[in-house]
Amino acid sequence: MTAPLLDIRNLSLAVPQGRSSFPILKDVSFQIMPGEAYGLVGESGSGKSVTSLATMGLLKKPLKVTEGQILFQGRDLLKLSRREMRKLRGDRIAMIFQEPMTALNPLATVGRQIAEMYVLHQGKSWAEAAKLAIDALASVRVPNPDRRATNYPHQMSGGLRQRVMIAMALACNPDLLIADEPTTALDVTVQAEVLRLIRELCAERGTAVLLISHDLGVIAEMCQRVGVMYSGCLVEENETRELFLNPQHTYTKGLLGALPRLGSRFQHGRSRLVDIDSIIPDRSILTQTRFIAPRPEVAQ
Amino acid sequence: MTAPILEIDDLHVHFPVTGGGLLGTGRKTLHAVNGLSLHLNKGECLSLVGESGCGKSTTALAVMGLQEPTSGSIRFRGQPFSGPEAPGRMDRARAAQIVFQDPYASLNPRQTVWASLAAPLRLHGVTAKSEVEDRIATMLKSVGLSAEQGRRFPHEFSGGQRQRIGIARALILGPEIVVLDEPVSALDVSIRAQIINLLLDLQDQFGLSYLMISHDLSVVEHMSDRVAVMFFGEIVETGPWQSIFTNPIHPYCRRLIATIPDPDVILGRSRKPTDGEQPDPPAGWRFADTGLESPDLTKKPDPSELVEVEPDHFVRLARI
């Protein structure tokens, strides 16, 4: 049995409010194996992004970890100093954000922004790093990488910018890539290309992926295992196929039924989409049950 | 056969762009919409599908009278709806309304919902207080909100509720055409389902004709009666939803359908209509563009026309 790369144990987050506190994450536990693609689905406010920010050590006040551990390669990230965390971030754990325009520095060329990764984390000279940056752009299939390296973010389309983000994130061959809604801002055809790129590059390098999305189709396409988050709880977790074919939790069932499926109208006629609020008027009961399927034994 | 409620004929919308030459010598024209013809029948939902920048929103703005067409005509119930003979703003408002994509940006934060709904009524001559109250309360009820909630400000509502308010505002004057500009793409999955259900119910209830703009093809398949696929200012394929989704022909349309991440297809429970080979164009025709490269929008495209391949199913082809 291999040790998990990322092991989040009983993580709880809260915003202090006077003497009490408002819970944001409640007892979330999951593991990501080396090289595995793990998906977190859920609606806005369910806590999926906050989970990833906690892993990156980017939680802002007033959010506070009230309980739990985030073990990355056996080390508890919550106990690391800011300096140690900064060394790890970008090098061993990297992140791709949703909106590449706001995540990139508008005042630096993309070549320089990628080169910075090599200078900061690998101690390369700027000249060397600039060459590596062009290679990195080529690896994410940006056409004319040497010319594109001199571009500023505003000179690029959304799809290209997201490729630059991927090049930056994968520059130091991280062990874990966190992708928070990486394609939500993109057109469908561009989305398909960007997803394929992430999948292929990560498979090639053995990088594990934590993919956060509200789009069940994207999750199904990318991930081996999926966790469903609702209201700060991980309510269901299973292998992707099992979760889609055989959802156990009422919320997961509702979520899957709320989605218009391609081809279903042709086969079954137009049926009403499931309205979660009408099946479960009191949503607070949803967090009382959890279905976490055990991981299958790794075939020897 | 009744006449269509909205007819768009050979619509062109061009924008001047500077080509970077000295003294304006490099001035070029961007063909945002290039010879688009469409019709919308009473009570149906027609979806315009395509990538950002393909001209679908420009088309919608032209229908709403917010963008003057360069040439071509838009007719509403046979009467001109664009150009010099177009009706005034007031008549237009009673004929067509729009629901915007972002319910956070499209409501006035300083106006209560009630005020946003009462203003158009007063402008259109409904001044009796009891009638205004009545119509607003009924409208709020049809979109699933209570009359009491109308007294609140937009920031007190969730995204889904705001989109309900946006819909109520569009419907308060009883328009016949509602343009839906990405009505659910800013919403969460479960809220999306509620709004889609609501839009379909309202369409039935009021006999509305929808012109929907969307890039989410699974929503389009669920809601539409007919679909028009746009690629760089032109319609490349149009037809009843069954034809578009079971027998897509144009390479771009097929690529669009092939790239939707659909859980059922990925898990092998169903097949996509695009799994097979790309069908050949009918004899004597070729595809004018493959949909793989973006054409130069400042140049006139090669001549091509929409050819009927099945009843009411048209594909853009060029003669060999």
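Which residue is the bridge partner of A:Leu71 in β5(A)? The close-up views below come from a predicted model, and the first of them gives the answer.

**View 1. The open antiparallel sheet of chain A.** Four strands line up in the order β2-β1-β4-β5, with antiparallel pairing. At the edges stand β2 (20-32) and β5 (75-76), each of which pairs on one side only. Strand β4 (residues 64-72) is joined to β5(A) by two bridges, and the two strands run antiparallel. A:Asp76 is the bridge partner of A:Leu71.

**View 2. Strand β8 of chain A and its neighbours β3 and β7.** β8(A) covers residues 208-213, and six of its six residues are buried. A:Ala208, A:Leu210 and A:Ile212 point one way from the strand, while A:Val209, A:Leu211 and A:Ser213 point the other way. Strand β3 (residues 37-41) pairs with β8(A) in the parallel sense over five bridges; here A:Leu40 stands opposite A:Ile212. Strand β7 (residues 176-180) also runs parallel to β8(A) and is joined to it by five bridges, with A:Ile178 opposite A:Leu210. Together with α8(A), the strands β7(A) and β8(A) make a right-handed β-α-β unit.

**View 3. The side of chain A that touches chain B.** Contacts link 32 residues of chain A with 30 residues of chain B. On the chain A side, two or more residues each come from α8 (188-205), α9 (216-222), α10 (240-245), α11 (250-257) and α12 (264-268). α9(A) gives the largest share, five residues. By type, the residues on this side of chain A are 16 nonpolar, six polar and 10 charged.

Methods. Residues numbered from 1 in each chain as written. Chains lettered and ligands numbered in written order. Predicted model: local features only at pLDDT ≥ 70, side-chain atom pairs only at ≥ 80, totals over all residues. Pairing = 2+ DSSP bridges. Contact = placed C-beta atoms within 7 Å. Nonpolar A, V, L, I, M, F, W, Y, C, P; charged D, E, K, R; others polar. Buried ≥ 20, exposed ≤ 12 C-beta atoms within 10 Å, placed from the backbone. Right-handed = clockwise from strand over helix to strand, strands pointing away.
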